Amino acid sequence: MNLRDIKKDIQYVISAFIDDCTLFLNLNPGKNADEITGLIDKAVDLYNELRDKVVSAPKEGVKAYFSQVNKELLEKTDALYDELSAAVKKGLGK
């Protein structure tokens with residue numbers, strides 16, 4: 001994995017999550033808007049955190065470092081999706 005690929009992965013995964021949040025907000029105006037907006041803020045913070053890690057990557061062991069960042073991206077995004085799922089169920093009264 002190289003710098004360009006990891007940057008693209010971070011952009012794609014976080015953007016997809018934010019798109020899902022925005023879709024829910026647009027289809028269900030007023031339902032858990034504050035909670036969903038908070039999740040979007042968390043996603044943006046995660047994006048910034050991971051991009052900072054990628055930019056400050058060590059000169060040696062880059063592949064292993066980027067693999068760890070990618071793993072962190074997937075784990076933290078999965079946790080955000082779990083929170084989104086709970087918020088959607090709560091907002092729809094399920």
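**Helix packing and salt bridges in a predicted model**

The axes of helix H1 (residues 3–27) and H2 come within 10 Å and cross at roughly 175°. The model is predicted.

Visitor: Are H1 and H2 roughly parallel or roughly antiparallel to each other?
Guide: Their axes cross at roughly 175°. Angles over 145 degrees count as roughly antiparallel. H1 and H2 are therefore roughly antiparallel.

Visitor: How many nonpolar residues does the contact of H1 with H2 hold?
Guide: In H1, the contact residues include Leu3, Ile6, Phe17 and Leu25. In H2, Ile36, Leu39, Val44 and Val54 are among them. The contact has 3 polar and 2 charged residues, and its nonpolar residues number 19.

Visitor: Which helices does the salt bridge between lysine 90 and glutamate 35 tie together?
Guide: The two side chains meet at 3.6 Å, N to O. The partners are 55 residues apart in sequence, so the pair ties together separate parts: glutamate 35 lies in helix H2 (residues 33–55) and lysine 90 in helix H3 (residues 62–91). The helices are H2 and H3.

Visitor: What separates the closest N and O atoms of glutamate 83 and lysine 42?
Guide: Both partners are partly exposed, glutamate 83 at 32% and lysine 42 at 42%. A salt bridge needs nitrogen and oxygen within 4 Å. Here the closest N and O atoms are apart by 2.8 Å.

Visitor: How many residues apart are glutamate 83 and lysine 42?
Guide: Glutamate 83 sits in helix H3 and lysine 42 in helix H2. The pair links distant parts of the chain, and the separation is 41 residues.

Visitor: About how many helical turns separate glutamate 49 and lysine 53?
Guide: These two form a salt bridge, with the closest N and O atoms 3.9 Å apart. Both lie in helix H2, 4 residues apart, so the separation is about one helical turn.

Visitor: How many salt bridges does the count come to?
Guide: One of the pairs is lysine 90 with glutamate 35. Another is glutamate 83 with lysine 42. With nitrogen and oxygen within 4 Å as the rule, the count comes to 6.

Note on methods
Residues numbered from 1 in each chain as written. Predicted model: local features only at pLDDT ≥ 70, side-chain atom pairs only at ≥ 80, totals over all residues. Heavy atoms only, no water. Helix = DSSP H or I, 4+ residues; strand = E, 2+ residues; numbered from the N terminus. Buried < 20%, exposed > 50% of the residue type's maximum accessible area, 1.4 Å probe, protein only. Axes fitted to C-alpha atoms, helices over the stretch in contact; angles between N-to-C directions. Parallel < 35°, antiparallel > 145°, perpendicular 65-115°, else oblique. Contact = heavy atoms within 4.5 Å. Nonpolar A, V, L, I, M, F, W, Y, C, P; charged D, E, K, R; others polar.
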